[in-house]
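This report walks through one chain, from its overall layout to single residues. Please keep the sequence and the model at hand.

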Amino acid sequence: MEKPAETIHSINNLLARRWSPRSFASQPVEPEKLQSIFEAARWAASSFNEQPWRFILATQQNPEQFQTALSCLVEANQAWASNAPVLILTLTTDRFSRNDNPNRCALHDLGLATANLSIQALELGLFVHHMAGINISKIKTIYNIPDNVTPQTAIALGYPDLAENLPEDWMRDSEKAPRTRNPFSHFIFENSYDHPSHLFNK
Ligand SMILES: Cc1cc2nc3c(=O)[nH]c(=O)nc-3n(C[C@H](O)[C@H](O)[C@H](O)COP(=O)(O)O)c2cc1C
């Protein structure tokens, strides 16, 4: 299913086509595609080139591994993410390796890496759905996460499927609902935080 962004100004086609489905086909993701997707993540920019992103990968082809990762999501996410062929847990290293100072941009840089990952996935016919709804303490225990590493999100990845195949009404409705965004005046300013940029009148 396609849900292209209704843009006011023109943008890159892949950016416009990206959206977050909950319905995924059982079709496995080819290893070469996974490799390409993580190569894209690898080349994201990061503060001091620290590359603070970390990922734990689980595929349905290894059911035990997949069920473990699935159990780290909140129930509402498990209900649909259980059909995705790939789950990814994301983490950040919280201190710079060069001087052990806190890296206040770690989460920012993980976001750049996962944005790269999302767009590369789309280029290969795959979609991702990011999730904040995870069990952080469970992830720390199950995967032996060191103290200076923080679980951040999870990502479901796979080929999209029909909305009708989702198990609950709210999911089917949400899958078909229009995508919405704030107007530019809400988030682009000049001179002062309460003064929208004159370049954008919507
Ligand atoms: C960091 C992050 C956390 C999210 N957490 C969840 C989540 O736990 N469960 C869920 O169903 N969707 C989650 N989403 C998906 C958002 O709801 C979705 O991206 C947003 O509604 C915009 O829709 P679009 O991605 O289709 O444009 C998350 C997205 C991001 C980027």
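## Two loop residues with positive phi

F48 sits in the loop between α2 (31-42) and β1 (53-59). Helices here are DSSP runs of H or I with at least four residues, strands are runs of E with at least two, and both are numbered from the N terminus. The phi of F48 is positive, about 55°, although F48 is not a glycine. F48 is partly exposed, because 14 other C-beta atoms lie within 10 Å. The cut-offs are these: a residue is buried with 20 or more other C-beta atoms within 10 Å of its own, exposed with 12 or fewer, and partly exposed in between, with C-beta atoms placed from the backbone.

N144 belongs to the loop between α6 (136-142) and β4 (149-158). Its phi is also positive, near 55°, and N144 is a residue other than glycine. N144 has 7 other C-beta atoms within 10 Å, so it is exposed.

## Basis of the model

The model is predicted: local features need pLDDT of at least 70, side-chain atom pairs count only at pLDDT 80 or more, and totals for chains, interfaces and linings use all residues. Residues are numbered from 1 along each chain as its sequence is written.

## Overall layout

The chain holds 7 helices and 6 strands. From the N terminus on, their order is α-α-β-α-α-β-α-β-α-β-α-β-β. The radius of gyration of the chain is 18 Å, close to the 17 Å that the globule rule gives for 202 residues, so the chain is as compact as a globular protein of that length. That radius is taken over C-alpha atoms, and the rule is 2.2 Å times the number of residues to the power 0.38.

Along the principal axes, the C-alpha atoms fill a box of roughly 55 × 50 × 30 Å. Of the 202 residues in the chain, 28% are buried. Take the contacts between residues at least 6 apart in sequence: 72% join residues at least 24 apart. A contact means that two C-beta atoms, placed from the backbone, lie within 7 Å.

## Helices α2 and α5

Two packed helices are described by the angle between their axes and the distance between the axes. The axes of α2 and α5 (residues 106-123) come within 7 Å and cross at roughly 145°. Axes are lines fitted to C-alpha atoms, for helices over the stretch in contact; angles run from 0 to 180 degrees between N-to-C directions.

From α2, the residues S36, I37, F38, A40 and A41 meet A113, T114, N116, L117, Q120 and A121 of α5. This contact has 7 nonpolar, 4 polar and no charged residues. Ala, Val, Leu, Ile, Met, Phe, Trp, Tyr, Cys and Pro count as nonpolar, Asp, Glu, Lys and Arg as charged, and the others, Gly among them, as polar.

## The ligand shell

Which residues surround the ligand? They are W19, S20, N77, H130, M131, A132, G133, T153 and R179. A residue qualifies if its C-beta atom, placed from the backbone, lies within 6 Å of the molecule. The shell divides into 3 nonpolar, 5 polar and 1 charged.

R95 lies in the loop between β2 (86-93) and α5. R95 is partly exposed, with 16 other C-beta atoms within 10 Å. Leaving out residues up to four places away in sequence, R95 touches D100, N101, P102, N103 and N148.

P31 lies in helix α2. P31 counts as exposed, with 10 C-beta neighbours inside 10 Å. The C-alpha atoms of P31 and S185 are separated by 43 Å, and the two residues are 154 residues apart along the chain.
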